[in-house]
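Morning, everyone. Please look at the screen, and I'll walk you through one protein.

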Amino acid sequence: MIAWVENGSGREAMGPAPDGWTVAPFPDDPAADPDLERVEFVVAGWPASKLREVPNLKVVQTRSAGVDWILEHVPDGVTLCSAKGARDPAMAEWVLWAILADYKAGGVAAVQQVAREWKHLDLRDVEDARVLIVGHGSIGVAVEERLAPFDVAEVVRVARSARDGVHAVDDLERLLPDADIVVNLLPATPATDGLFNARMFGAMRDGALFVNAGRGRTVDTNALVATLDAGRIRAVLDVMEPEPLPGDHPLWGAPNCILTPHSAGDTPGAERASWRLAGEQLRRYAAGEELRNVVREGY
C-alpha cells in the first residue's frame, strides 16, 4: 500500500514505514499517477482540493491542529485526523510571548529603537493578572502550565461545553469584565464564527489585553478595530480575518496592536512533532489500531 504525504522538509521524522507500505510525495497530478489505486493514507497539506481524486482514500492526517481549511475537501466516509497536541508547546510559548511583549511594551520599544528615541517605557505586571482562556483544550492546558511561574491571580477556563473547572462558552460575556488578559484559542466552526463581536469587546474591561492564537474568523475584525481605535483594549494577534492581511487594512495601523503572520505554531520542534505523529498514525492504521485525534463535529 502507499501513503502520500505533503511536499516539504522534515518527512524523515515520520520514522519507518510499516511493512508493505511505501511513503511518497503527493503528486501534482494524482489522477495520472500509476499507483493511484493503492493509496489509502494521505498526510495532507495545502491545497487540499485534490484529495477527491484519490478513489480508495481511507484516512487523511493533517499536521495542523485546526482543520477548518480542509473539511470541505475530505470525501464522505474518509476519516480525518488532526495533529492535536503536536504544536501545543509552540503555540503556548507564542501566547506567553504575546502577553510579555504587550505587558513589557515590546512593540513600543521596537518603534523607539527604530526612531533612536530614549524614552521611559510604561510596563505592567503579569503577576496578579486574571487570565481568561477561551477554547481551553490541550493548547490551553499548555498555556496554563507556562503561566504558573508568573503567579497570575487566576486562570478562568472556557470551552464549548461546561465540565469540571471549565465554563461553557455561553458564560463568556459574563466572564469577560473580570479578565485582564483574554486568550482566544477557539477553532473556526459555524458556532464560533464572529463570536468575539462588538458586544463581547464591549464587555471587556478598559485596558484589557486580547490575544488571538485561534482563528481569525472567530473575531469580528471591524468590531476589534473600532475597540482598538477607541483606546479601550490592546491586542496581540497571530491570526486575522482576512489572511494574508492586505497592506491597506486598518489593523496594520491600529493603536496598541502587535501582529504576527499566522506563525505561532510553526517552529522546528512543532514541525518534527507533527511529522512524528503522522508516522505513528500511519503505523496505527496499517496495524488496524485505533487512530488518535479523529475529527468529529468539525474539530
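Start with overall size. A compact globule of 299 residues would have a radius of gyration near 19 Å, and the protein has 21 Å, which agrees. That radius is taken over C-alpha atoms, and the globule rule is 2.2 Å times the number of residues to the power 0.38. The C-alpha atoms fill a box of roughly 65 × 45 × 35 Å along the principal axes.

A word on the source. This is a predicted model: local features need pLDDT of at least 70, side-chain atom pairs count only at pLDDT 80 or more, and totals for chains, interfaces and linings use all residues. Residues are numbered from 1 along each chain as its sequence is written, and side-chain values use heavy atoms, leaving out hydrogens and water.

Next, the elements. There are seven helices and 12 strands. These are DSSP runs, numbered from the N terminus: helices are H or I with at least four residues, strands are E with at least two.

Now the sheet. Five strands form an open, parallel sheet, ordered β2-β1-β3-β4-β5. Pairing here requires at least two DSSP bridges between two strands. Look inside: four bridges join β3 (residues 39-44) to β4 (residues 59-62). F41 stands opposite V59 in β4.

Last, one residue. Where is R160? In the loop between β7 (154-159) and β8 (167-168). R160 is partly exposed, because its relative accessible area is 47%. The cut-offs: buried is under 20%, exposed over 50%, partly exposed in between, with a 1.4 Å probe and protein chains only. Across the protein, 48% of the 299 residues count as buried.
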